Amino acid sequence: MTEAADRIFVNGEVHTLADPDDGGDAVREAVAVRDGEIFRTGRTHDVELLAGVDTDVVDLDGRVLLPGFVDAHTHLTTVGRYLVHADLSAADSPDEAVDLLAERAAEVESDEDGAESAENADWVLGYGYDESTWDESRYLTRADLDRVSTERPVAAFREDMHVAAVNGVALDRFAEALAEAPDETVPTGDDGEPTGVLLEAAIDPIYRAVEPGPAETRAVVEAALAHCAERGITGFHDMVRDSHAPRVYRDLDAAGELTARVRINYWSDHLDAAREVGLATNAGSNMVETGAIKSYTDGSLGGRTARLSEPYADAPDETGQWVVDPEELNETVADVTDAGFQFTAHAIGDEAVDAVLDAYEDASRTDPGEARHRIEHVELADDDAIERLAETGVVASVQPNFLKWAREDGLYEERLGEERTARTNRYREMLDAGVELAFGSDGMPMDPLFGVHQAVTAPAEPQRLTVTEALRAYTSGAAYAGFDEDRLGTIEAGKRADLVALDASPWERDDAIDEIDVALTVVDGEVVFDGR
């Protein structure tokens, strides 16, 4: 006699998103789950026969059921800080950003208990501003943030986290550290004084100062996990540096309270510590795994620090910066891969993408494809780079939500001009060339349906994917980037029961996918969000 299911999902439109080589995206009506694993898909009538007395029957009422989304690149504590501190992504001008920070300052002032850790309790923090959407398109400055407070340190982080602004209090507090930063990372005004804008390495002392302690880290992680569940995210690859987040994830896992799978990608300056405690790529529990070791190469297009082979359209004398130069990158790749870890590198500009591919071919101790080395972002890859990605098997871990900047009069057009804008984020050409494509968000925003919408409606043909292709990149593609394709990414017998139900079909609403609501999120067979 067949053992009964723990939970069945019936009367739905179940898209398996299976590999097209194995029969394509077969559509079913129902799914049966036992012990956190899918063990049957089929017609509602047949799956209902697997129900027992204690089986939970979930009527999908015609909703679309998909594999759970896997975000292949995010910074979860930053996402959580949007929810705890000032969310500047809502600002549509410098003045509105200042107003939001002033509201946060009032909260900090009145919070006698201090939601922040002792180390950063006096800071007023805001995250996620994007000046490219403002009529007055400029970075926030010291003058703006001095309007928030001249007594407390204030910091506002641009959406890409490669640009920040601080007030006079913060500049005074970190004068010694900023004096040691590269000149180009601390812009000055006509008076020779710092403007309050900080780039790349100059932001590091600010990051260290505002890094939340254990208690606040748990608070922001829990807030961000709730956000994930509401958006159908059942797993994510977190880029972690100098954070208490790994301990929080493991504590939540041990308590049975973790509501999404976590793959922890540690920064390269954590390598020695990772080796000392015996961490290894893919080691861990059912819910928390060690992933890759990560490094930078260049900066961001928003900060004009992404490394380009041709100058910026709006700054003809600038081609960006090396955050980690190619020689150092090669040494790091050799060291990391010699230790047996997967490697991933942030690379946005075309010169940076080439530098990473060179390092993988010249310095990696392991085959890049077998090790599933990754490049994060790959925003401006030329034809040769796309061909090399396909030939080497290096994973392109990309963020389709960045295509919001590829629209007319957007950030890309301002920084790169029209011609190069059409050559950014060429997902169609990558996929056609055979590149392993994994979608993530970088937390900008952490919303898979927004990203899928951007990929499906991309302005240029070389960027545009079908609905099925985009969904696969956010499910099986991201799972592959984390060596998880055998247990995640499709709805098939033997896979873990990580699922998301949508209120409408993205195939039928392909012009408004970002407006579709998540109705249900399931992780390891357990419902972690029910918005029906």
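**View 1. Salt bridges in the predicted model.** Across this predicted model, the count of salt bridges comes to 49.

View 2. The side chains of Arg104 and Glu107 form a salt bridge, with 3.0 Å from N to O. Both residues belong to helix H3 (residues 94-110), and because they are three residues apart, about one helical turn separates them. An α-helix has 3.6 residues a turn, so residues three or four places apart point the same way. Arg104 is buried, at 8% relative accessible area, whereas Glu107 is partly exposed, at 42%.

**View 3. A salt bridge between Glu230 and Arg231.** Here the side chains of Glu230 and Arg231 meet at 3.3 Å, N to O. Glu230 has a relative accessible area of 39% and is therefore partly exposed. Arg231 is also partly exposed, with a value of 25%.

View 4. Glu289 and Arg263 are joined through their side chains in a salt bridge of 3.3 Å, N to O. This pair links distant parts of the chain: Arg263 lies in strand E15 (residues 261-267) and Glu289 in strand E16 (residues 288-295), 26 residues apart. Glu289 is buried, with 10% relative accessible area, and Arg263 is buried as well, with 2%.

**View 5. A network of salt bridges.** Asp130, Glu131, Arg158, Asp160, Arg304, Asp314, Glu414 and Arg415 belong to one network, joined by salt bridges that share partners.

**View 6. A patch of negative charge on the surface.** The patch is formed by Asp325, Glu327, Glu328 and Glu331. One of these residues, Glu328, sits in helix H11 (residues 326-338). Its relative accessibility is 42%, so Glu328 counts as partly exposed.

**View 7. Arg388 and its contacts.** Arg388 is found in helix H14 (residues 383-392). With 17% relative accessibility, Arg388 counts as buried, because buried means under 20%. Apart from neighbours within four places in sequence, Arg388 is in contact with Asp354, Leu357, Asp358 and Glu361.

**View 8. The covered helix H17.** Helix H17 (residues 448-456) is mostly covered, and nine of its nine residues are buried. The buried residues include Pro448, Leu449, Phe450 and Val456. Among the elements that cover the buried residues of H17 are strands E8 (69-74), E14 (233-240) and E20 (436-439). Helix H18 (467-473) is also part of this cover, together with strands E21 (499-502) and E22 (518-523).

How values were computed. Residues numbered from 1 in each chain as written. Predicted model: local features only at pLDDT ≥ 70, side-chain atom pairs only at ≥ 80, totals over all residues. Heavy atoms only, no water. Patch = residues over 30% accessible without salt bridge, like charges linked within 9 Å, V, L, I, M, F, W, Y side chains within 5 Å. Areas by Shrake-Rupley, 256 points an atom, 1.4 Å probe, with all protein chains shown as cover. Salt bridge = Lys/Arg side-chain N within 4 Å of Asp/Glu carboxyl O. Lys, Arg positive; Asp, Glu negative; His and termini not counted. Charge placed at Lys NZ, Arg CZ, Asp CG, Glu CD. Helix = DSSP H or I, 4+ residues; strand = E, 2+ residues; numbered from the N terminus. Buried < 20%, exposed > 50% of the residue type's maximum accessible area, 1.4 Å probe, protein only. Contact = heavy atoms within 4.5 Å.
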